[in-house]
Amino acid sequence: MPLSRRTLLASLALTASGGGVVAASGTASGTTRGTASGTASARGEGVAGQALARLLPRHAGQVTFRAVEPRRDGADRFRVSGGEGAIVVEGTTPAVQLTGLHWYLRHTARASFSWTGAQTRLPVRLPAVAEPVERTANVRHRFVFNDTNEGYSGPYRTWDQWERTLDVLALHGYNEVFLSLGADAVYHRAFQDFGYTDAELRDWIPGPAHQPWWLLQNMSGFGGPVSRQLLDARAALARRVADRARALGMTPVLPGYFGTVPPGFADRNPGARTVPQGDWVGFRRPDWLDPRGEVFARVAARFYAVQGELIGTSGMYKMDLLHEGGQAGDVPVGEAARAVETALRTARPNAVWAMLGWQNNPRRDILDAVDRDRVFVVDGLSDRFPTVTDREADWGGAPYAFGSIWNFGGHTAMGANTPDWAELYEKWRTKPGSALDGIALMPEGADNNPAALALFSDLAWAEGRVDLAEWFTEWPAYRYGTGPGGRPDPQAVAAWDVLRRTAYGTTRADSWSEPHDGLFGARPSLGAKSAAAWSPQQLRYDPEEFARALPALLAVAPALRTGSGYRYDLLDVTRQVLSHRSRQLLPRIRTAYEAEDRAAFAALTGEWFRWLDLLEKAVATDPGHLLGRWTAEARSWGATREERDRLAHDAESLLTVWGPRQAADGGGLRDYANREWSGLVSGLYALRWRTYFGELSAALAENRAPKPHDWYALEEKWLRDHPPYATEPTGDIVRVAEEVRDALGLRAADAGRD
């Protein structure tokens, strides 16, 4: 291994935690790792033991965690052994120990955890390990979260939610977690040293739901102003999250500084030179400070100093110059990149610069100008375009992660291009001269598609290519438990075989990595082909074939239906079946309207609302599908009624209009983050379609053209005036799913057909 690559690995080993230092996964000496995890953790003690006590409190005393040395090449590894009720898990960090625990739970105890649902029905004494199991990570970097994650997954999450998230990520083997939380407080404090007042900066910083795009230099201000108490609370939470990641042996990947400045910066700072960045889909972008100047060096130094004080330091910082159409002006991009790198190295000498592989990013002139061995590219297009075949040539040999963005905007759609993962990952990793040294799990919105989370995470620990048919046959046993003889339920296996061949059987051949969304959440039009402007216009798999999974799931043995994993999956399949009805019905409604067949139009639109009502009933059964809960979380961060209302609008606008009229209409951002949630379905979505179909019906009756609608005005009014929605789930998903099955005339035997 060249010395520079050793330096890259060593740099991830040290991340600050208060006054001390802890190890990041796969990079530190055994001594440092022992400090982080304990040379041997007694049962229930240590960071891993504390996580186990949260996850499985009745069994926490039956597992002992121990620290082990990494392999000579620095690779993470775990080993699981032990008899009944006395399991021993050894791993290179507390996070890796939890990865080993989860491997044991899935493959031996037939239990599992995810960010949506779990299977925790276990015997009183944990079963013995027949033969010791050892696994070694086949890549050093297991990176998680998109830049947009905090916006689309939960900008107003609490510590309890973050703690659970970190536990789940550790169980799945991740060691690098992107964390943008708290960056607002860093900018706010740092720029007060450059001529800005507290109030000016709080006006410039967007609301938490929109901050990811401000950090990407796409926009500013919307959803603000932010209050001092909000900034302080978010900074405190960020520190707590980052410190827990460090204690687990994970690297909190923090935003770096690359030149975003508030308005009028050059006027207040002699010698500074800024480049206007134009517009981004209806928003004015913040100016870019030329990194080659002395003022940039001072701003960057202050930024990293404040960030260190508030959140601590890291071995990896994420920055993307000129993201999605940024303008370099007359600034040589290579020189600018070198200056950004110099500022980073001055503040954090051993840090790695993480970049997103997206569109034409990272530009080759950037990679040619910096130390490529101390850059790490997290590729967002590995499973998107069939033209992506040689990242070594594209990026000059810079190390990179095989990545997936299976979800955009937090859509609730099921599916991912898993055949591409199975085919490409191992091929790219093992080819001669490969620079692939990681995985990057980057759905724009997380907390969905638990099978995709588990399968993608397994890539980094697999020994050879993953066999999808075998993996999906075993998945129901991890997810729901087993029946007599320790075998997976045959109906569950049949259901997941259908899902493997449909929602999880798509590939990048059509240049999409995300599933199609539904049309109930689209702005009304008889010609609607998607709800979000940049989502697939056509169905990516057969909805009738997909529907065969529903009766099979309902036929699973009653003893296996009690877990939250089963109930979430049943909800997800039911919701997806109902969502498909919108795509199947709308063309028929259009035909009736264009034929001026009023009776058919009335009958079909009536059917539309019956399916929409069933969709509302289905999603109302799950706490993660409640608009009321999303809104209540936002309100809980406000100190005054005015602030609570502002934060609620920040959170809800992201899911609907996204931004002001010029962004929603002119920029096309409206419904980018559409999702089939209770409150959205029965509220805004039903209101829009009733308004639209009502006008079309009146136009048919009066033999006239329909009147146009100002949809943005209707949507903004609904945002300001809608009633509170439920914060607790209602109803029984099994009963709703049975109602949908019966309405469609589906039978359990359908899932077994060839």
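**Entry 1: confidence**

I began by reminding myself that this is a predicted model. I looked up the confidence next: the protein has a mean pLDDT of 93, and 93% of its residues reach 70 or more. Then I checked the start of the chain. Over residues 1-40 the pLDDT stays under 50, and the model has 105 contacts beyond four places in sequence for this stretch. I put a pencil mark beside residues 1-40 for their pLDDT.

**Entry 2: the largest pocket**

How much space lies in the largest pocket? I found about 1,000 Å³. I listed its lining next, which comes to 39 residues. Nearest the centre of this pocket I noted W115, T116, D447, P623 and G624.

Which helix gives the most to this lining? My note says α22, with five residues. I also wrote down the helices that each supply at least two residues: α5 (149-153), α6 (159-171), α22 (564-594) and α24 (627-635). Sorting the lining by class, I got 17 polar, twelve nonpolar and ten charged residues.

**Entry 3: the second largest pocket**

I moved on to the second largest pocket, where about 540 Å³ of space lies. Its lining is made of 27 residues, and E324, W358, Q359, E444 and Y672 are the closest to its centre. By class I have 16 nonpolar, six polar and five charged residues in this lining.

**Entry 4: the cavities**

How many cavities of 30 Å³ or more does the structure hold? I wrote down nine. In the largest cavity lies about 120 Å³ of space. I read off 13 lining residues for this cavity, and D147, L215, L216, P255 and K318 lie nearest its centre. The lining divides into eight nonpolar, three charged and two polar residues.

**Entry 5: S180**

I located S180 in the loop between β11 (176-178) and α7 (183-190). Is S180 buried or exposed? S180 counts as buried because its relative accessible area is 7%, and the cut-off for buried is under 20%.

What does S180 touch, leaving out residues up to four places away in sequence? I noted E150, L215 and P255. Two of these names were already on my page: L215 and P255 are among the residues nearest the centre of the largest cavity.

Terms used:
Residues are numbered from 1 along each chain as its sequence is written. This is a predicted model: local features need pLDDT of at least 70, side-chain atom pairs count only at pLDDT 80 or more; totals for chains, interfaces and linings use all residues. Side-chain values use heavy atoms; hydrogens and water are left out. pLDDT is the predictor's confidence in each residue, from 0 to 100. Contact means heavy atoms within 4.5 Å. On a 1 Å grid over the protein atoms alone, a cavity is a set of points where a 1.4 Å probe fits but cannot get out, and a pocket is an open set with protein on both sides within 12 Å along at least five of seven lines; lining residues have an atom within 4 Å of a point. Grid points are joined across faces, edges and corners, and a volume is the space filled by probe spheres set on the points. Helices (H or I, at least four residues) and strands (E, at least two) are DSSP runs, numbered from the N terminus. Ala, Val, Leu, Ile, Met, Phe, Trp, Tyr, Cys and Pro count as nonpolar, Asp, Glu, Lys and Arg as charged, and the others, Gly among them, as polar. Buried means under 20% relative accessible area, exposed over 50%, partly exposed in between (1.4 Å probe, protein chains only).
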